[in-house]
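Subject: Structure handover

Hello,

Here is the structure I promised to pass on. Please open it and keep it beside this email while you read.

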Amino acid sequence: MHCPTAPLAPLSSHGFTGPEDRGHVALCGTAAGLFAIRRPGVTLAVWRRRLPAGIAGECARLGPGPDMAPDAAPDAPASRPSVRLVTTPDGVAADLAAALPSGWAGGPLIRDAVRLVHLYADIVGCPAVQLRLDSVAGGGCRFFHADHVGLRLLCTYRGAGTHWLPDDAVERAALGRGDNDAVLSDPRRIRKLGTGHVGLLKGEGWPGNRGRGLVHRSPPADPSGAPRLLLCLDHHDHDED
């Protein structure tokens, strides 16, 4: 597993404004604040933004949920986004338009995903990005774990956001056993990304971060059955976790 080798420009060249630091976590009010993830002690940077305009309406077609009228008919499952591709900042708009079902092309969700690919590639310094956009109806990765990647971007466009744990709340020796209670003794320490928030999670593969990967999991499935819509970005030299 390789990590980014492209040279990274100084933080000041990106208009870095300084996020609110809480130990290993940087909470940011702007996209530029996400560059804090490059600091050696930071394993999570979160851009706490509102869901961009128009995306909630697009996501309503995924199925019944609180943002959809009870008598509205959702699209057939085949029209739900399910995309896995390798792309570049220059090619992502065309790649997504070709990969997504008709009706999504040119909309606010694609425009936002394109923006996040550019931002992610700029932060990491990578020429190619592995992109996954999934409509997830189940519980996903329900066990707490740390990814074996360098740096991963997550953004939930619809549904509950990713759960994560502060470093001092984790029993790392228990990771990989499929036992959340052993990893976390106090459920009150669980933290959550909001819908629309952009999280950069530093994994075990980032240089100097072995044994410190950000511990997280997927949220529980929505009792109504409404699917989540999740964007995940990795740099292309990483295998999927």
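First, a definition: two strands pair if DSSP finds at least two bridges between them. Helices (H or I, at least four residues) and strands (E, at least two) are DSSP runs, numbered from the N terminus.

Some ground rules. This is a predicted model, where local features need pLDDT of at least 70, side-chain atom pairs count only at pLDDT 80 or more, and totals for chains, interfaces and linings use all residues. Residues are numbered from 1 along each chain as its sequence is written, and side-chain values use heavy atoms, with hydrogens and water left out.

**Overview**

The protein has 4 helices and 12 strands. Of its 241 residues, 52% are buried. Buried means under 20% relative accessible area, exposed over 50%, and partly exposed in between (1.4 Å probe, protein chains only). The exposed surface comes to about 10900 Å², and carbon and sulfur atoms supply 54% of it. Those areas come from the Shrake-Rupley method with a 1.4 Å probe; for residues, only the protein chains shown count as cover.

Now contacts, meaning heavy atoms within 4.5 Å. Take those between residues at least 6 apart in sequence: 76% join residues at least 24 apart.

Look for Trp-164: its bridge partner in S11 is His-216.

**Strand S7 and its partners**

S7 is mostly covered, with 8 of its 8 residues buried. S7 runs antiparallel to S10 (residues 198–202), and 5 bridges join them. Leu-153 has Leu-200 as its bridge partner in S10. S7 also pairs with S12 (residues 228–235), again in the antiparallel sense over 5 bridges. There, Arg-158 stands opposite Leu-229.

**Two loop residues**

Asp-147 is in the loop between S6 (145–146) and S7 (151–158). Is Asp-147 buried or exposed? Asp-147 is buried, because its relative accessible area is 4%. Its side chain makes a polar contact with the side chain of His-145 (3.2 Å). A polar contact is a pair of N or O atoms within 3.5 Å; within protein, one must be able to donate a hydrogen and the other to accept it, and residues adjacent in sequence count only if both atoms are side-chain atoms.

Gly-196 is in the loop between S9 and S10. Gly-196 counts as buried because its relative accessibility is 0%. Leaving out residues up to four places away in sequence, Gly-196 touches Arg-49, Leu-51, Cys-155 and Thr-156. Gly-196 and Leu-154 are 42 residues apart in sequence, yet 9.5 Å apart in space, C-alpha to C-alpha.

**The cores**

A nonpolar core is a set of buried Ala, Val, Leu, Ile, Met, Phe, Trp, Tyr and Cys residues joined through side-chain atoms within 4.5 Å. The largest one has 44 residues; Leu-116, Leu-131, Tyr-157 and Leu-231 touch the most other members. Helix H3 (residues 108–124) gives the largest share of this core, 11 residues. Apart from it lies another core of 11 residues, among them Val-25, Leu-154, Trp-164 and Leu-201.

Best wishes
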